[in-house]
Amino acid sequence: MGSAVGLGNIWKFPALTGANGGAGFLLIYLLATLLVGLPVMIAELTLGRHARANPIRALRMLAPPGQPWWLVGVIGMLAAFLIMAFYSEVVAWVFVYVWKSLEGSALSSDPAVTEAAFAAMVGNPWVSLVSQWLVLLLIGGILVKGVAGGIEAVTKRLMPLLFLLLAGLCVFSLTLDEAAAGLAFLFKPDFSKVDAAVVLTAVGLAFFKMSIGMGTMMTYGSYFRSEQNIPLTAGRVMVADLAVSLLAGIAIFPAVFTFGFEPTAGPSLVFITLPAVFAQLPFGQGLMLVFFILTSIAAIGAMLSLLEVPVLVLTERLGLPRPLAIGVCVLAVAVPGAGCALSGSVLAGVRVAGLTFFDLMDFVSSNLLLPVGGILIALFAGYVWGRAAFTRAVSNGGTLRNEGLAVVVLVLLRYVSPLLIGVVMLNGLGII
Ligand code: PHE
């Protein structure tokens, strides 16, 4: 849960739901989560626990000799770097907003004020760069000091608090004048905005939010106890992840319509609308501070899980000492990271296929690498590892008596997930 719940829920989910027309997008996203995300998460956790190794080694161990399935782990590592490049920048924005909450500078129900505060931040190259470096140093420092476990324990305690705060915000948002318009946008499907590219984005979001398709969950699985009930754990993570996203959506969209924001604002949406909500609340400044602190802690949990994937590979495979491996990875993120940080200022005009560097990293990782990784993991678990080994591992050697469920998951992995993702990808990219 520490890996799955993060900026994907609080930042990306509202931004993409807003930009892609609301409820229609949400429905496709829900289907992708259930039919593809959940089975792939179960497969990853099971493979990781069975192999007790990093994703590259796990796939090498479990594949028949000579078959290059370990390349899936390499694709995953690449995805981790691309995600960290832009994710670290969004964590940096959250840090800046912790500061802005202290100052009270972004707190206003006037869209012009909150939009200007966000624009000033992303438009300032130094603020963007230096805050990102701080994030990277902090995450690297946590891993070097080996206190990631401690941070995860803190995350676990504070997550319910974030949940409560979001739930409270929702209740307040529902009293706003245009609450009905916000809810209709979020829950009354209008498929006129849904095209192939939107479907691909929804599938990519499902992968991103559940941290699957790149080996993070395999890595986490490798630390699982043998008696842990994997389908149950995966189901709980999925439900919690969905719940946090929906709360974020319900907190944000009524405010979007009440205060006159554009639902299509994109990456700025959370940062411009929530301060407007806080401005209406008693103790709004303090609540805004708590909100951004809790969000930054959730984001750090997700970021740690991203960095752990390449660090583990470098230490296990190349035998690098851990601090060195962490240093190398942090530097390797900082380079494309700078491209993302500067996308709102000096590099704003540099575009590939119409996308800024920030958007390109996001598109390639979420809409290409994670789904490709997901197809390959589904095929691997479904066909190469095979039915007997899969059901044995999912049922903890038969003790859970959930073989029926394991077969359903296997059918989804064999026939539904690869086909669905494959068609969605080819369609979304305009190939078919
Ligand atoms: N799932 C995380 C989030 O929602 C992001 C993430 C993606 C983390 C992939 C690890 C791997 O914020």
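Predicted model: local features only at pLDDT ≥ 70, side-chain atom pairs only at ≥ 80, totals over all residues.
**The core**

Phe271 and Phe291 have the most contacts inside the largest nonpolar core, a set of 152 residues. Next, colour residues 71-103. This is helix 4, which gives the most to this core: 19 residues.

**The largest pocket**

Go to Met1, Gly2, Glu152, Tyr220 and Phe224. Of the 26 residues that line the largest pocket, these lie nearest its centre. The space here is about 860 Å³. Select helix 7 (148-173), helix 10 (216-221), helix 11 (230-259) and helix 13 (284-318); each gives two or more residues to the lining. Keep helix 7 highlighted: its 7 residues are the largest share of that lining. Colour the lining by class, and you get 13 nonpolar, 8 polar and 5 charged residues.

**The second largest pocket**

Move on to Lys12, Leu16, Pro267, Asp359 and Asp362. They lie nearest the centre of the second largest pocket, which has 20 lining residues. About 370 Å³ of space lies in it. Show helix 1 (7-19), helix 9 (196-209) and helix 15 (357-385), the elements that give two or more residues to this lining. Which helix gives the most to it? Helix 15 does, with 6 residues. Finish with the class colouring: this lining divides into 10 nonpolar, 7 polar and 3 charged residues.

Key:
Residues numbered from 1 in each chain as written. Heavy atoms only, no water. Core = buried A, V, L, I, M, F, W, Y, C linked by side-chain atoms within 4.5 Å. Buried < 20%, exposed > 50% of the residue type's maximum accessible area, 1.4 Å probe, protein only. Helix = DSSP H or I, 4+ residues; strand = E, 2+ residues; numbered from the N terminus. 1 Å grid on protein atoms, 1.4 Å probe; cavity = no way out; pocket = protein on both sides within 12 Å on 5 of 7 lines; lining within 4 Å. Points joined across faces, edges and corners; volume = space filled by probe spheres on them. Nonpolar A, V, L, I, M, F, W, Y, C, P; charged D, E, K, R; others polar.
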